[in-house]
Structures are given as C-alpha cells and as structure tokens.
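Subject: Structure handover

Hello,

I am passing on the structure we spoke about, together with notes on what was found in it. Please read the notes with the structure open beside them.

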Amino acid sequence: MDIVNEILLNEQKKAEKYKPITVDKHLDLEFDVGTLLAFDSNDVDTKLLKSDKDVYLQSLTRDNTQLLLNKIWELPTERIDEAIVVRLPLPTTVLPRAKPVPKPRPLTKWQEFAKAKGITKKKKDKLQWDEQLQKWVPLYGFRKAAAEKEKNWLIEVPQNMDPMTDMYEKKASEKSEKVAKNELQRLKNIARARKVKIPRVGLPVTSDKASATQLATAATVAKASTASLGKFQDKLPKEKEARGKGVHELIPGKERKRRAPIPTPQAERENNLNLLDTILNKRPKIDMDKAVAKHIHNEQAMRSEEKKNLKPSKGKRKGKGNSTNFSAKKPKAGRGQRNPSKKTPGRKRR
C-alpha cells in the first residue's frame with residue numbers, strides 16, 4: 001500500500017505543474033486560424049505587470065496560446081501516416097513582408113528545351129540492383145562510392161594506351177573534369193539569367209598535345225587579332241577556316257548564323273506534315289519553251305542522222321534545163337563473165 005500511495009502522490013504532484021486547458025477570459029479573443037493568430041482585446045492588469053512583469057507576460061501568453069490550440073482542434077481532423085492532422089482554412093489577415101516576394105527562378109537551357117519538347121522528369125529509384133555485386137546499390141552517396149570501389153578493384157588498360165598508365169588516376173581526373181564542366185555550366189546559367197556578358201575564353205591549356213581542331217582555331221584567332229580582323233592576311237596553301245563550337249565567340253566581328261527558335265511539338269508536327277505533303281504531291285514543273293526547243297532540236301538531230309545514213313545512188317545525171325534524174329542499171333555478171341567486184345585467186349606474175 002505504501003508503494004501505491006507513493007505513486008499516486010507523485011502523479012498528483014506532476015499534474016499540479018500543468019494548468020488546465022480551459023481558460024476564462026472577460027472578452028473572447030479574435031482568431032485567424034489560417035495564419036495561427038489570436039487577437040486579445042482585454043485590458044492589461046497594470047498591478048501584476050509592475051509587480052512581476054516576466055511571470056505575468058508568460059502566464060498571459062500561455063493562456064492565449066491554449067485558447068488558439070483549442071480553436072485549432074475544433075476543426076475537422078484526419079489521419080495521415082499514423083499522425084492526426086488538421087486542415088487549416090484560408091487566412092483572412094494580410095501580413096506585411098519584410099522583403100519582396102521572390103521571383104521565380106529562370107529556367108536553364110535544358111529546362112527550356114525540355115519544356116518546349118514536352119519532356120517530363122521521371123523520378124528515379126534510390127537503389128539499383130547490381131548484377132556483378134549481387135546486391136542493391138544506391139545511385140549516389142558514400143555507399144555508391146564504396147560499391148564502385150569494390151566493383152572496380154581491377155581496371156584493364158586498353159591496348160592503345162601506355163601499359164604503365166594509372167587507370168585509377170585517369171578515372172579520378174575525368175570525374176573532376178566533369179564536375180568542373182558542370183560547375184562552369186551552372187555559372188553560365190546564372191550569368192545568362194542575370195543578363196551578364198561572359199568574357200571570351202581562349203584555348204584550354206592541357207598537358208597533352210593540342211589537336212588539329214585546336215591548332216586551327218588558334219591560328220584563326222591569331223590571324224583575326226589584327227586591326228583589320230584578318231582581312232588582309234595571306235592564307236597558307238590548303239588552309240581551311242576553323243569550324244566548331246566557340247569559334248564565332250573567339251573571333252571578334254565574326255558573324256554567327258542565327259539559329260531558329262526551338263519549335264513547339266505542335267508546330268514541329270505541322271512542319272513535318274507539310275513537308276510530307278509536298279513530297280507526296282510533288283508534280284514536275286513543265287517549262288513549255290524549253291520543251292518545244294528540245295523537241296525541235298531532237299527532230300533536227302534525227303533529220304541530220306537520216307541524211308548521213310542515205311547513200312547517193314550511182315549514175316545520176318542532172319540535165320541543164322530539166323531537174324529529172326536518170327539512172328541506168330548495171331548488168332549482172334553471168335556465166336563466163338568476170339565480176340570485177342569479186343577477187344579471184346590467180347597466178348602470180350613475177
């Protein structure tokens with residue numbers, strides 16, 4: 001019994017520390033539950049405020065907060081993921097802001113392209129099954145790095161590379177280059193959103209030998225660095241102008257071809273259908289003058305060929321006053337007569 005009485009006394013002492021949830025006020029408070037505000041229009045007790053300021057304000061704040069919580073729990077409740085929640089109504093009080101409303105973040109190049117093409121971002125799973133390790137591996141994080149280290153414990157050196165190349169170091173440098181490239185693209189997007197002109201950059205400084213494209217770009221830039229922008233500079237034999245990404249940005253005064261804006265899916269579909277219609281319904285255009293001239297030319301060519309093929313007949317005579325032609329037939333060679341057209345073998349004379 002002593003143990004039971006002791007437990008009851010302890011519970012009673014704990015309950016005395018907490019005040020009841022019912023609060024009596026002379027005037028009811030005005031509530032705006034949407035913004036969790038309570039307006040107390042009751043008079044302040046000046047005597048208690050002067051005697052013990054902190055205790056009085058703490059007690060007043062506790063009572064008003066209790067009334068606000070009571071008002072909140074009068075709203076309809078629902079259960080979400082083992083938690084009881086309350087849907088707050090729309091606020092009725094307009095609160096001033098210390099700072100202006102933030103503007104929406106401008107879209108990047110990829111976001112603009114995806115929006116124009118209707119590409120939606122798919123939510124990826126956090127884990128992926130690895131056939132080599134035979135376990136679920138996260139797509140990012142320190143566990144992903146540990147899994148990659150366990151997976152790539154041995155890296156084969158390609159045949160076209162130096163056999164003494166450190167593949168782990170090369171892989172780490174490629175990863176750092178990708179990170180730097182992404183960071184540069186992020187800074188370009190920020191500068192583009194703020195309409196800041198990005199300064200021109202030269203050729204990248206690398207430890208390896210420069211490629212033919214880089215050398216051609218460097219030569220073109222050096223040639224265009226004169227006052228006349230390379231207009232009076234002589235060209236080397238078989239020299240070609242540099243082409244590729246960034247050449248127009250490096251060369252001052254170089255005109256760049258304007259790219260057409262990204263069409264919407266509907267406009268792109270209409271363009272493709274129009275192109276298909278023009279291909280299927282295409283009829284050859286006939287130039288009448290050209291066709292007539294070609295027909296006359298063919299007729300003249302045929303007549304000239306016929307004249308060449310016709311052999312003139314032998315024995316034709318032309319009279320002076322008469323245009324009539326007379327021809328005599330040549331007698332055929334009979335028996336005992338020699339045909340001069342045929343060659344017969346005979347004795348050879350010395």
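Lys144 and Glu148 sit in helix H5, four residues apart, which is about one turn of the helix. Please keep in mind throughout that this is a predicted model. The side chains of Lys144 and Glu148 meet in a salt bridge, with 3.3 Å from N to O. Lys144 has a relative accessibility of 24% and therefore counts as partly exposed. Glu148 is also partly exposed, because its relative accessible area is 30%.

Helix H5 takes part in a second pairing, this time with a strand. Glu150 forms a salt bridge with Lys135, and the closest N and O atoms are 3.3 Å apart. This pair links distant parts of the chain: Lys135 belongs to strand S6, residues 135-138, while Glu150 belongs to helix H5, 15 residues apart. Lys135 is partly exposed, since its relative accessibility is 34%. Glu150, with a relative accessible area of 44%, is likewise partly exposed.

Gln134 lies in the loop between strand S5 (127-130) and S6. The phi angle of Gln134 is near 60°, a positive value in a residue other than glycine. Most residues other than glycine have a negative phi.

Another one of them joins Glu268 and Lys117, whose side chains meet at 2.7 Å, N to O. It connects distant parts of the chain, with Glu268 in helix H9 and Lys117 in helix H4, 151 residues apart. Glu268 has a relative accessible area of 29%, so this residue is partly exposed. Lys117 counts as partly exposed too, because its relative accessibility is 30%.

**The second largest pocket**

Which helices each supply at least two residues of the lining of the second largest pocket? They are helix H5 (142-151) and helix H6 (167-193). H6 gives the most to this lining, with six residues. The volume of the pocket is about 450 Å³.

The lining is made up of Lys144, Ala145, Glu148, Lys149, Asn152, Ile155, Tyr168, Lys171, Ala172, Glu174, Lys175 and Lys178. By type, these residues divide into seven charged, four nonpolar and one polar. Lys144 and Glu148, the salt-bridged pair described above, are both among the lining residues.

**A nonpolar surface patch**

Trp110, Phe113, Ile119 and Ile262 form a nonpolar patch on the surface. Together they have about 400 Å² of accessible area. Ile262 is found in the loop between helix H8 (247-250) and helix H9 (265-280). Is Ile262 buried, partly exposed or exposed? Ile262 is partly exposed, because its relative accessibility is 44%, and the class of partly exposed residues lies between under 20% for buried and over 50% for exposed.

**Two further loop residues**

Lys195 is located in the loop between H6 and helix H7 (212-223). Its phi is near 60°, again a positive value in a residue other than glycine. Lys195 has a relative accessibility of 77%, so it counts as exposed.

Thr93 occupies the loop between strand S4 (84-86) and helix H4 (109-117). With a relative accessible area of 27%, Thr93 is partly exposed, because that value falls between the limits of 20% and 50%. Thr93 and Thr35 are 58 residues apart along the chain, and their C-alpha atoms are separated by 7.4 Å.

**Where to begin**

From Lys144 and Glu148 you can go on to the lining of the second largest pocket, and from Glu150 to the salt bridge with Lys135.

Regards

Note on methods:
Residues are numbered from 1 along each chain as its sequence is written. This is a predicted model: local features need pLDDT of at least 70, side-chain atom pairs count only at pLDDT 80 or more; totals for chains, interfaces and linings use all residues. Side-chain values use heavy atoms; hydrogens and water are left out. Patches are made of residues with over 30% relative accessible area and no salt bridge: like charges are joined within 9 Å, nonpolar side chains (Val, Leu, Ile, Met, Phe, Trp, Tyr) within 5 Å. Accessible areas come from the Shrake-Rupley method with a 1.4 Å probe; for residues, only the protein chains shown count as cover. A salt bridge is a side-chain nitrogen of Lys or Arg within 4 Å of a carboxyl oxygen of Asp or Glu. Buried means under 20% relative accessible area, exposed over 50%, partly exposed in between (1.4 Å probe, protein chains only). On a 1 Å grid over the protein atoms alone, a cavity is a set of points where a 1.4 Å probe fits but cannot get out, and a pocket is an open set with protein on both sides within 12 Å along at least five of seven lines; lining residues have an atom within 4 Å of a point. Grid points are joined across faces, edges and corners, and a volume is the space filled by probe spheres set on the points. Ala, Val, Leu, Ile, Met, Phe, Trp, Tyr, Cys and Pro count as nonpolar, Asp, Glu, Lys and Arg as charged, and the others, Gly among them, as polar.
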